[in-house]
4 protein chains.
Amino acid sequence: MKTVKHIDIKKNITVDELIKEMETSGVMGAGAVAKAVDIFEKAIKDKECKIFFGMAGAMVPGGMKNIIMDIVKNKLIHVFVTTGANLTHDLVEGLGHHHYQGKANVDDDKLNKEGLYRMYDSYMKNNVYEDLEDFFEKNFDELKNCKSITEFLKVLGKLSPENTILNSCYKNNLPIFCPSLADSGIGLIIWGRIAQGKETKVNAFEDLKDIIDLAWTSKKNAVIYLGGGVPKNYIQQAMQVSPKKASYGIQVTMDRPEPGGSSGAPLKEGISWRKMEKDANFVDVICDVTIALPLIYAALKSRL
Amino acid sequence: MKTVKHIDIKKNITVDELIKEMETSGVMGAGAVAKAVDIFEKAIKDKECKIFFGMAGAMVPGGMKNIIMDIVKNKLIHVFVTTGANLTHDLVEGLGHHHYQGKANVDDDKLNKEGLYRMYDSYMKNNVYEDLEDFFEKNFDELKNCKSITEFLKVLGKLSPENTILNSCYKNNLPIFCPSLADSGIGLIIWGRIAQGKETKVNAFEDLKDIIDLAWTSKKNAVIYLGGGVPKNYIQQAMQVSPKKASYGIQVTMDRPEPGGSSGAPLKEGISWRKMEKDANFVDVICDVTIALPLIYAALKSRL
Amino acid sequence: MKTVKHIDIKKNITVDELIKEMETSGVMGAGAVAKAVDIFEKAIKDKECKIFFGMAGAMVPGGMKNIIMDIVKNKLIHVFVTTGANLTHDLVEGLGHHHYQGKANVDDDKLNKEGLYRMYDSYMKNNVYEDLEDFFEKNFDELKNCKSITEFLKVLGKLSPENTILNSCYKNNLPIFCPSLADSGIGLIIWGRIAQGKETKVNAFEDLKDIIDLAWTSKKNAVIYLGGGVPKNYIQQAMQVSPKKASYGIQVTMDRPEPGGSSGAPLKEGISWRKMEKDANFVDVICDVTIALPLIYAALKSRL
Amino acid sequence: MKTVKHIDIKKNITVDELIKEMETSGVMGAGAVAKAVDIFEKAIKDKECKIFFGMAGAMVPGGMKNIIMDIVKNKLIHVFVTTGANLTHDLVEGLGHHHYQGKANVDDDKLNKEGLYRMYDSYMKNNVYEDLEDFFEKNFDELKNCKSITEFLKVLGKLSPENTILNSCYKNNLPIFCPSLADSGIGLIIWGRIAQGKETKVNAFEDLKDIIDLAWTSKKNAVIYLGGGVPKNYIQQAMQVSPKKASYGIQVTMDRPEPGGSSGAPLKEGISWRKMEKDANFVDVICDVTIALPLIYAALKSRL
């Protein structure tokens with residue numbers, strides 16, 4: 001057994017040095033964060049391994065956009081699955097808008113009258129929808145003929161301004177999956193076009209074969225989940241049906257396992273389903289993603 | 001101010017009597033559960049009100065199927081939004097299978113070798129997929145031409161055995177929405193058909209107009225969320241764009257608000273977005289749905 | 001394996017009938033609540049068993065006082081361990097004050113100016129301290145010579161008005177332990193006497209032998225924890241050093257295990273310490289106590 | 001309003017630089033961690049301010065000992081309140097023992113047979129009690145005449161080996177409060193002496209006046225809470241009765257507010273009690289302490 005070596009902090013310690021201290025302490029949340037860095041590094045350096053990255057939550061309002069874009073540009077992941085909300089917030093910023101530092105304890109009616117939408121303590125102006133409308137109105141012809149959501153998001157990525165996750169994925173040839181795209185601000189904008197009598201050809205099931213092919217053709221797979229929801233589950237089921245299950249796994253979440261939903265389920269549960277190899281190298285990090293992700297990525301970047 | 005009157009328990013107390021005790025105590029979790037019953041009752045008795053019901057989580061593996069079916073058969077709700085997982089588990093049981101009482105602290109590799117999938121402490125045999133395959137193989141021609149997910153689920157409901165939520169909704173003319181249906185066991189079965197060269201006509205965005213029309217045409221709306229995820233958000237955004245926002249709201253969840261995601265966001269946050277009327281009657285119940293829902297529904301049923 | 005039988009709700013169902021439905025569903029939170037009732041019932045009916053009951057949290061502000069008093073009067077438990085806060089709120093009500101139904105989202109400065117203290121959404125007037133002062137001033141001579149906290153609380157119980165947990169315990173000869181009594185409103189009042197030059201003879205360690213004797217002399221022990229904190233741990237360590245460890249266990253908590261503290265630790269962890277027998281009958285109920293306790297006790301009362 | 005500036009990670013970024021990035025993002029968990037560093041720094045640099053530091057949880061088994069000792073040696077805090085468990089684990093290590101890196105998903109009966117106690121995924125050998133016994137047997141005469149717990153802990157600190165929090169506090173003249181010391185391994189060892197007929201003079205209420213004097217005589221107070229429980233509450237009530245309430249506040253916890261207990265209560269609630277000044281500078285960090293504390297302290301150390 002390894003002893004719990006207490007974490008030592010020296011002045012001007014780097015994040016990577018701190019994570020190494022956490023690795024030698026090795027227990028509880030700190031140990032889990034350190035293990036996540038180690039697993040992410042191993043998965044990247046395992047050249048046979050394809051990394052599936054699922055991202056739920058409010059990552060763009062939460063200040064995580066540049067980290068995600070850096071991960072994409074450095075080609076550290078191979079499949080990106082997210083929610084329509086994250087892509088909407090990404091595009092909103094790409095169109096020149098911002099999110100704002102607010103408060104969670106606030107009069108929401110007053111906020112509304114000031115034209116602000118709230119996501120915990122991050123605000124967004126409600127006039128962003130006008131620019132979203134214009135953007136989609138202008139580009140709808142190019143989008144409407146896409147056959148699948150992943151194709152739709154590829155075209156959307158091409159059309160999106162630089163400095164968006166969408167465009168970064170496009171440029172780096174990273175496929176984006178988002179099975180519940182209809183459930184988002186982008187979905188609402190598309191509804192607006194449909195309400196005007198326009199049509200799309202986007203099939204609801206079409207990209208299932210794409211994500212499963214990606215999993216199926218790997219020699220090894222890794223799964224990284226920031227939050228749960230559809231992004232996690234969509235990757236999990238691709239693992240389930242593929243001959244190669246996840247050999248590496250990282251999950252960062254604040255959800256509890258006891259109510260039985262997928263978002264709070266520990267990665268270990270996936271072994272019963274053979275979404276995860278029985279001897280996989282995996283860790284559950286019970287932490288707010290906006291704290292854990294910068295820590296993990298800062299250490300990782302120093303090691304690559 | 002009302003005093004906190006301590007809860008009195010008499011022998012053989014009914015659930016409704018207990019909830020009335022919780023109403024007079026009026027604080028913390030007990031107060032919230034009692035308020036949820038009151039709001040649900042008021043929303044039902046408000047004949048101008050359309051009730052949107054969102055259900056995430058693992059409700060069928062968690063033993064909640066008959067309650068949901070009872071709610072449907074008694075026509076207490078008007079719009080049903082759920083996850084593909086719940087519909088898959090529902091159909092699996094309809095095809096004659098069961099879920100089983102297991103343990104959460106278990107060797108998942110051993111479970112897998114015994115042919116069992118785990119959802120916390122509920123198990124399902126992995127051979128259910130064979131019957132799902134047969135069912136969809138047999139019925140695919142009727143399903144593949146559906147234009148939207150909600151139409152697909154209507155046909156699926158017609159084809160489903162009695163004693164399923166799917167069939168109950170069909171018989172009671174209750175529309176089911178499930179924007180992420182691809183992300184489920186049913187999605188995987190459809191992928192299997194597609195992999196054989198078959199096609200579906202199910203459009204990813206098509207039913208947005210249906211749910212928004214349902215919200216738009218109400219005099220009043222109510223929202224009830226069991227868990228968060230896509231079901232909650234899909235209803236929330238229909239409220240956002242409709243002239244009538246939610247006048248009543250109930251949310252039962254164990255997720256935290258601080259990480260900023262929609263699933264843990266208190267209903268109050270929706271006021272900033274005008275998903276919720278500023279003077280709406282609403283409550284957040286921080287509780288495992290499998291505890292709170294039977295309690296709430298038992299009291300409600302006694303009152304109707 | 002037992003199947004998950006879905007919960008059926010009939011009109012005017014009693015709580016005990018509902019709990020039996022939860023027992024046949026048998027999984028997730030509902031299954032845990034039902035198991036807690038069963039274990040509590042078995043521990044009571046096991047005439048060789050001594051039941052140690054630990055209660056943290058804000059149970060009196062939360063409306064649980066009468067349930068606790070009913071448990072005490074029906075002699076269902078044998079040792080009571082709690083916090084100074086609960087005893088302070090109990091005595092405050094005994095002196096004629098109330099708690100009030102308030103809101104959690106509130107301007108706390110405004111509340112203060114209105115003379116109100118807040119515990120989540122339960123309020124207490126700040127003038128209660130005056131009556132507490134008078135009560136202790138009048139009775140200090142009788143209290144100051146007590147040698148241990150448990151003796152102090154026995155005398156305090158004798159002096160306390162009827163309709164308090166303190167007095168109920170006294171009348172039913174139920175010992176109260178409260179190792180951190182100094183850490184409470186009662187502690188502050190005693191500090192006031194000490195500041196005036198008075199003294200107490202209450203030894204900080206004296207009642208350790210009393211609680212350990214109580215555990216040591218049992219043929220069997222049961223532990224019931226409402227919340228964690230000192231009440232849980234004080235019982236746990238009595239189990240640890242006694243020849244008889246807990247044979248039955250119930251824990252109701254919302255705390256998480258991952259940060260490593262005792263309050264969130266599952267009962268199972270106690271097996272490594274031999275605080276719990278390895279084949280003990282125990283359950284962790286992840287639920288707000290104000291929801292779970294009334295449910296559990298209502299079913300239990302119907303069965304006794 | 002400030003915009004949410006997305007966090008940028010450069011190679012070999014220091015922790016302090018990362019925290020500054022989190023400050024410019026400014027929202028959700030990352031924003032809260034950054035704010036905690038800022039408040040801690042301001043409280044230290046405010047030379048009129050006395051810092052009360054409360055520490056619950058399993059900080060020594062969790063690898064935090066050296067950080068706490070560094071804080072003590074650098075004289076950054078003025079009052080230290082903790083649990084008996086933390087002091088016991090501290091002394092155990094001082095006597096030459098270790099904690100070990102283990103697993104949370106484990107057979108606890110097997111662990112017990114291997115002589116290991118478990119705290120989540122940190123283990124301790126059960127033979128540590130023998131050395132604790134010897135230590136207290138040898139030193140009991142010097143300890144037994146202490147009049148208060150804080151005096152007892154001062155003497156214990158003097159007697160403790162170097163490389164303990166206890167001894168560091170002693171050498172740096174930092175008072176330790178621990179109202180529930182009886183509720184710990186140290187308590188059990190004292191019980192062993194009492195069972196042999198020995199006595200202590202430690203009064204349960206005696207040090208209330210010491211901690212309140214410390215709060216009362218400040219020009220300004222700051223409160224820092226790692227976890228809740230008795231350490232938090234004991235400081236909170238000292239603030240309540242003192243003329244100067246907390247002007248600065250940091251709380252790191254994973255407990256929820258809704259069940260109403262003190263451990264999960266946001267600092268804001270203290271304003272209603274006037275434990276906190278209405279215009280105090282404070283933050284709640286919802287995070288595992290073993291992740292947040294190293295981050296916060298690393299940044300802080302770089303700034304001092």
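**View 1. B:Val92, a buried residue in a helix.** B:Val92 counts as buried because it has 24 C-beta neighbours inside 10 Å. (Buried takes 20 or more other C-beta atoms within 10 Å of a residue's own, exposed takes 12 or fewer, and partly exposed is in between, with C-beta atoms placed from the backbone.) You'll find B:Val92 in helix H4 of chain B. (Helices are DSSP runs of H or I with at least four residues, strands are runs of E with at least two, and both are numbered from the N terminus.) If we skip its neighbours within four places in sequence, B:Val92 touches B:His97, B:Met124, B:Val128 and B:Leu132. (Contact means that two C-beta atoms, placed from the backbone, lie within 7 Å.) For a sense of scale, 36 Å separates the C-alpha atoms of B:Val92 and B:Lys220, which sit 128 residues apart along the chain.

A quick note on what you're looking at: this is a predicted model, where local features need pLDDT of at least 70 and side-chain atom pairs count only at pLDDT 80 or more, while totals for chains, interfaces and linings use all residues. Residues are numbered from 1 along each chain as its sequence is written, and chains are lettered from A and ligands numbered from 1 in the order in which they are written.

**View 2. Helix H9 of chain B, largely enclosed.** Helix H9(B) spans residues 185-195, and eight of its eleven residues are buried, so the rest of the structure largely encloses it. Among those buried residues are B:Ile189, B:Ile190 and B:Trp191. What do the buried residues of H9(B) pack against? Their partners are H10 and H11 of chain A, along with helices H4 (84-94) and H6 (128-144) of chain B. Just after H9(B), look for B:Gly197, which takes a positive phi of about 100°.

**View 3. Two helices crossing in chain C.** Here helix H4 (residues 84-94) and helix H9 (residues 185-195) of chain C have axes that come within 7 Å and cross at roughly 80°. (Axes are lines fitted to C-alpha atoms, for helices over the stretch in contact, and angles run from 0 to 180 degrees between N-to-C directions.) That makes H4(C) roughly perpendicular to H9(C). (Roughly perpendicular is 65 to 115 degrees; under 35 is roughly parallel, over 145 roughly antiparallel, and the rest oblique.) On the H4(C) side, C:Gly84, C:Leu87 and C:Thr88 meet C:Gly185, C:Ile186 and C:Gly187 of H9(C).

**View 4. Strand S7 of chain A and its partners.** S7(A) covers residues 220-226, and six of its seven residues are buried. Strand S1 (residues 49-55) of chain A runs parallel to S7(A), joined by seven bridges. (Strands pair if DSSP finds at least two bridges between them.) In this pairing, A:Lys50 has A:Asn221 of S7(A) as its bridge partner. Six bridges join S7(A) to strand S8 (residues 246-253) of chain A, again parallel. There, A:Tyr225 has A:Gln251 of S8(A) as its bridge partner.

**View 5. Where chain A meets chain B.** How many residues does each chain bring to this contact? Chain A gives 62 residues and chain B gives 62 residues. Elements giving two or more residues to chain A's side include helix H5 (108-113), strand S4 (116-119) and helix H11 (229-241). Chain A's side divides into 33 nonpolar, 16 polar and 13 charged residues. (Ala, Val, Leu, Ile, Met, Phe, Trp, Tyr, Cys and Pro count as nonpolar, Asp, Glu, Lys and Arg as charged, and the others, Gly among them, as polar.)
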